[in-house]
Amino acid sequence: GTGTGAGSESGEKSLLDEIKERGYMTFATDGAYPPMEFPDPENPSELIGFDIDLGKAIAEKLGVEHRAVVVDWDGILAGLESGRYDVVMSSMNITEERQKSADFVQYFEMGQMIVVAKGNPKGIHSLDDLKGKVIAVQIGTTNEEIARGIEGATVKTFQTFPDALKEVHVGRADATILDEPVARYYANIEGDKYEFVGEPFERAPVGIAVAKGNEDLVQAIQKALDELKQDGTYDQIYAKWFGG
Ligand code: ARG
């Protein structure tokens, strides 16, 4: 047929059935976004983080195993469309543009923050102060979008956020724009190198992306998430990674 989503045609096995049959569900992530998804310092071949724990809990509700698939961020939705994995769960904001290629189940909400080198050498206190400055961001993110909207700014893009941050640390960029939990994480554990300035902005929903045409999988994930919120698991995972 001409349908793109697996199992979108009647009579075919749905993606949800396929996942249940094979006994695991694949979750795409770029894997370099603490505290959301990042290598376990104790055991670097394993990913840990908020998205990983919540993904595991969702998989468990569906009665299957969780498998993380690490992919480049800038091709992550294309890979979903071509069926390389079942979902994307990687702190992805739900945007109109992305909703053209995938369906989303919202599981979180967050803003963005400006992060600068320790000591704030350029005296940056707001988005306004970024006019004409050099901003390093991860390519293909909503953070890049914000940076592109700043008058006179030079925007340098990187495949991962740690690379963008390094650019700030070595002084080749004046600032980066990061999702709030990630900004707080770095300012906390690498407080000798970075600090965040001002208040979070652009608070927006974050979702699990499912390729179009898999309504049953979307509904199963939504139901699992509702249950996890009801039985306290969601709050437990939240507290583990973000405190109280
Ligand atoms: N929240 C931003 C976006 O949706 C950035 C997400 C980047 N995620 C990651 N795992 N590196 O575009």
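User: Why is Lys-20 called partly exposed?

Analyst: In this predicted model, Lys-20 has 16 other C-beta atoms within 10 Å. A residue is buried at 20 or more and exposed at 12 or fewer. The count of 16 lies in between, so Lys-20 is partly exposed.

User: Where is Lys-20, and what does Lys-20 touch?

Analyst: Lys-20 sits in helix H1, residues 15–22. Not counting residues up to four places away in sequence, Lys-20 touches Leu-62, Gly-63 and Val-64. Of these, Gly-63 is 43 residues apart from Lys-20 in sequence, and the two are 7.2 Å apart in space, C-alpha to C-alpha.

User: What makes Thr-95 partly exposed?

Analyst: Thr-95 has 14 C-beta neighbours inside 10 Å. Exposed would require 12 or fewer and buried 20 or more, so Thr-95 counts as partly exposed.

User: How do you know that Gln-112 is buried?

Analyst: Gln-112 has 24 C-beta neighbours inside 10 Å. The cut-off for buried is 20 or more, therefore Gln-112 counts as buried. Gln-112 is found in strand E6.

User: Which residues are in contact with Gln-112?

Analyst: Leaving aside neighbours within four places in sequence, the contacts of Gln-112 are Asn-143, Ile-146, Ile-177, Leu-178, Asp-179, Glu-180, Pro-200, Phe-201 and Glu-202.

User: Where else is phi positive in a residue other than glycine?

Analyst: Asn-120 has phi near 50°. Asn-120 lies in the loop between E6 and strand E7 (134–138). Asn-120 has 16 C-beta neighbours inside 10 Å and so counts as partly exposed.

User: Which peptide bond is cis, and where does Pro-35 lie?

Analyst: The bond from Pro-34 to Pro-35 is cis, with omega near 5°. Pro-35 lies in the loop between strand E1 (24–29) and strand E2 (38–40). The C-alpha atoms of Pro-35 and Gln-112 are separated by 15 Å, although the two are 77 residues apart along the chain.

User: What makes Thr-160 partly exposed, and what does Thr-160 touch?

Analyst: Thr-160 has 16 C-beta neighbours inside 10 Å and so counts as partly exposed. The place of Thr-160 is in the loop between strand E8 (154–158) and helix H6 (161–169). Beyond residues up to four places away in sequence, Thr-160 touches Asp-30, Ala-32 and Gln-138. Thr-160 and Tyr-33 are 127 residues apart in sequence but 8.3 Å apart in space, C-alpha to C-alpha.

User: Why are H2 and H8 called roughly perpendicular?

Analyst: The axes of H2 (residues 50–61) and H8 (residues 215–230) cross at roughly 110° and come within 9 Å. Angles of 65 to 115 degrees count as roughly perpendicular, so H2 and H8 fall in that class. The contact is made by Ala-57, Ile-58 and Lys-61 of H2 with Ile-221, Ala-224, Leu-225, Glu-227 and Leu-228 of H8. By class, six of the contact residues are nonpolar, none polar and two charged.

User: How do you know that the largest nonpolar core lies between domain 1 and domain 2?

Analyst: This core has 71 residues, and Val-115 and Ala-209 have the most contacts inside it. Strand E6 (residues 102–117) gives the most to the core, with 11 residues. Domain 1 (15–109 + 204–242) and domain 2 (111–203) both give residues to the core, so the core lies between them.

User: What does Ala-209 touch?

Analyst: Not counting residues up to four places away in sequence, Ala-209 touches Leu-77, Leu-80, Val-87, Val-88, Met-92, Ala-102 and Phe-104.

User: How many residues of domain 1 are in contact with domain 2?

Analyst: 15 residues of domain 1 are in contact with 14 residues of domain 2. On the domain 1 side, the residues divide into eight nonpolar, three polar and four charged. The centres of the two domains, taken over C-alpha atoms, are separated by 25 Å.

Terms used. Residues are numbered from 1 along each chain as its sequence is written. This is a predicted model: local features need pLDDT of at least 70, side-chain atom pairs count only at pLDDT 80 or more; totals for chains, interfaces and linings use all residues. Axes are lines fitted to C-alpha atoms, for helices over the stretch in contact, and angles run from 0 to 180 degrees between N-to-C directions. Helices (H or I, at least four residues) and strands (E, at least two) are DSSP runs, numbered from the N terminus. Angles under 35 degrees count as roughly parallel, over 145 as roughly antiparallel, 65 to 115 as roughly perpendicular and the rest as oblique. Two residues are in contact if their C-beta atoms, placed from the backbone, lie within 7 Å. Ala, Val, Leu, Ile, Met, Phe, Trp, Tyr, Cys and Pro count as nonpolar, Asp, Glu, Lys and Arg as charged, and the others, Gly among them, as polar. A nonpolar core is a set of buried Ala, Val, Leu, Ile, Met, Phe, Trp, Tyr and Cys residues joined through C-beta atoms within 7 Å. Domain bounds come from an automatic or database domain assignment.
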